[in-house]
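This report looks at selected local features of one protein chain. Please keep the sequence and the coordinates at hand while reading.

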Amino acid sequence: MHPKRRSFSKRKLLLFIMTVFSISAVLFYILYCTRSIFTSDMAYWLLMADEQIKTRQFFPDGFCYTTGILIFSPELIVLVLRLFCQDWLLCRELTVILLVLAAIVLIFYFYHHTLSGKNRYTAALLSILMLTLPMMHYWETFYEAAYTYQIIWDLLLMLLIYRLLFSQAAQEERRNYLPLLYIVWFILIFLCSIKGMKSIFLFTLPIVVSFPVFSYIENQFRIELVLKNKKQNILLVLTIIGTVLGVTGYTALSKILTLESISGSVSFVSMEKLTENFNKLIPSILRFYYATGEKELVSLSGITSGMYLIVMFLCAIVSPVWMILRYKKVKKPFWRFYTIYAFISNFLLLYTMLFTNASNIIYYELVFWHNIVFTSILLTDLIKAKGKYFEGFIYAVTTIIVLCGHLNYMTETVLPIRNEYKVDQEEGTLIDFLKENDLNYGFSTFWNSYKYMALSNGEIKLVSYIITPSYPYYWMTSRSYYDVGKHPGRCFILVAPDDEAIDDKYYLATSEIKEYKDYKILIYEKNILLYDELNTQ
């Protein structure tokens with residue numbers, strides 16, 4: 001018994017060590033790489049926190065939102081951190097780290113409660129390892145972190161459903177705290193819905209559909225029995241009411257706080273565009289998994305791509321099919337429900353990507369997460385059925401893929417970023433150049449504006465401006481930045497190497513033109529909004 005137990009522990013220890021390594025690598029990437037790939041999109045939380053602190057308003061006057069009002073989201077963490085830390089970028093990096101750690105803790109908690117036996121820890125570790133493999137989703141999960149909340153919200157909702165409907169060990173506790181759990185569920189649904197239509201489409205709508213579908217299948221397709229599941233129907237009603245109130249609140253806030261529609265411009269596409277979406281879906285998924293690209297076959301990148309192709313085949317094809325085929329054999333009703341819910345959510349998301357203009361592969365992340373869960377369950381079931389040798393094989397292959405993936409990422413991404421840092425340290429950054437020339441208020445295209453404003457900790461006000469036709473670009477920003485009364489004097493226009501050529505009139509009105517590397521800085525004696533000849537709005 002003892003030798004077997006020691007051998008078993010060694011195999012589990014290897015998986016645990018690789019998980020700790022992967023998590024540590026991701027935290028390192030966040031702190032080391034974010035500055036280099038920082039964008040104006042990523043400055044959003046920071047700009048809002050700065051305005052909240054200045055105005056002492058939760059919803060600052062004149063703040064311009066995007067496709068959703070920020071509320072009950074990561075920017076609240078940024079706001080708290082900004083009260084104690086003046087380094088804007090560090091506040092954002094720490095916020096992302098807290099979100100990532102929260103997701104990891106919830107993953108462990110999720111499997112610990114919904115699975116039984118030792119394999120629940122294996123499933124948790126495998127899920128974390130797949131999530132932390134360097135792939136395209138890194139941008140949205142660990143750098144921009146725009147969709148990390150999707151994983152957290154998905155886990156929270158499923159954990160509460162498990163506790164309310166499927167947990168056999170908490171029957172007495174549920175009787176004592178059932179009203180409280182229903183209230184928590186209602187609050188979660190309301191907060192999810194008030195975040196905007198995307199959350200409703202991804203979470204509450206699939207849940208509303210999953211309840212009757214699951215009940216219908218479980219009751220041997222007898223529709224008269226569907227309405228007899230009291231607790232499930234209570235949750236269904238609470239979900240619908242919470243969603244309606246959330247949408248109402250979202251709509252009301254949108255009208256009160258914004259001058260323009262922020263619902264997003266999602267619309268159905270033409271047949272020509274539909275064909276294009278179909279043709280690019282599979283190549284996009286390959287790119288999502290980093291399983292394609294012009295790479296030498298016998299190289300670290302080529303070998304890693306081949307491994308990722310296997311991971312993609314397992315996650316995106318084998319595991320979902322396997323979950324459907326084994327549906328009737330699954331003993332735990334929660335996992336039968338989860339299968340239905342995840343498939344409905346995935347279907348709605350893929351439908352949107354194909355039939356609407358929301359076809360960007362970044363929206364695939366929640367499908368990716370559900371497929372990770374399916375794959376973890378598949379592998380743990382196989383390990384349980386096949387024994388310790390198969391388990392050792394899976395752990396060995398996982399270790400090789402994880403090591404190759406992170407080594408390749410270090411070579412292809414982190415080391416080039418390190419070289420850029422060294423050059424900046426030797427030659428000085430654009431921010432250093434602007435400070436040295438006393439240039440603290442200017443205009444640029446969106447992608448080159450709030451990026452540098454945030455990286456300078458707000459010392460340089462660099463706001464978004466559209467040159468042709470000439471007008472301020474109110475997107476992810478505050479109208480206060482364009483207040484001529486606050487900034488009447490010397491200003492500049494930053495012309496980036498990839499910007500379109502601007503009209504000669506902007507050059508004629510300058511008092512001086514400076515250059516920094518491939519950037520041009522057009523300097524003016526007064527705010528450009530005060531020049532009649534430059535403004536065509």
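The sections below take up a strand, its partners, a tyrosine in a loop and several salt bridges in this predicted model.

Strand S6 covers residues 491–495, and because five of its five residues are buried, the strand is largely enclosed by the rest of the structure. Burial applies to both of its faces, with Cys 491, Ile 493 and Val 495 on one side and Phe 492 and Leu 494 on the other. In a regular strand, side chains alternate between the two faces of the sheet.

S6 pairs with two strands described here. With strand S2 (residues 441–444) the pairing is parallel and consists of two bridges, and within it Phe 443 has Ile 493 of S6 as its bridge partner. With strand S8 (residues 519–524) the pairing is antiparallel and comprises five bridges; Phe 492 stands opposite Ile 523 in S8.

## The surroundings of Tyr 473

Tyr 473 is found in the loop that connects strand S4 (471–472) with strand S5 (477–478), and it counts as partly exposed because its relative accessibility is 29%, which falls between the limits of 20% and 50%. When residues up to four places away in sequence are set aside, Tyr 473 touches Phe 446, Tyr 450, Ser 464, Tyr 465, Ile 466 and Tyr 482.

A further relation spans much of the sequence: Tyr 473 and Cys 64 are separated by 409 residues along the chain, whereas their C-alpha atoms are 9.8 Å apart in space.

## Salt bridges

Side chains of opposite charge can pair when their charged atoms come close. The structure holds eight salt bridges, among them one between Glu 391 and Lys 12 with an N to O distance of 3.0 Å. This pair links distant parts of the chain, since Glu 391 belongs to helix H15 (residues 388–427) and Lys 12 to helix H1 (residues 2–37), 379 residues apart. Glu 391 counts as buried at 3% relative accessibility, and Lys 12 counts as buried at 14%.

Another salt bridge joins Glu 218 to Arg 336, with the closest N and O atoms 2.9 Å apart. Because Glu 218 lies in helix H9 (residues 197–218) and Arg 336 in helix H13 (residues 333–355), the pair ties together parts that are 118 residues apart in sequence. Here Glu 218 is partly exposed, with a relative accessible area of 29%, while Arg 336 is buried, with 14%. Finally, Asp 50, Lys 54 and Arg 82 are linked in a network of salt bridges.

Note on methods:
Residues are numbered from 1 along each chain as its sequence is written. This is a predicted model: local features need pLDDT of at least 70, side-chain atom pairs count only at pLDDT 80 or more; totals for chains, interfaces and linings use all residues. Side-chain values use heavy atoms; hydrogens and water are left out. Helices (H or I, at least four residues) and strands (E, at least two) are DSSP runs, numbered from the N terminus. Buried means under 20% relative accessible area, exposed over 50%, partly exposed in between (1.4 Å probe, protein chains only). Contact means heavy atoms within 4.5 Å. Two strands pair if DSSP finds at least two bridges between them. A salt bridge is a side-chain nitrogen of Lys or Arg within 4 Å of a carboxyl oxygen of Asp or Glu.
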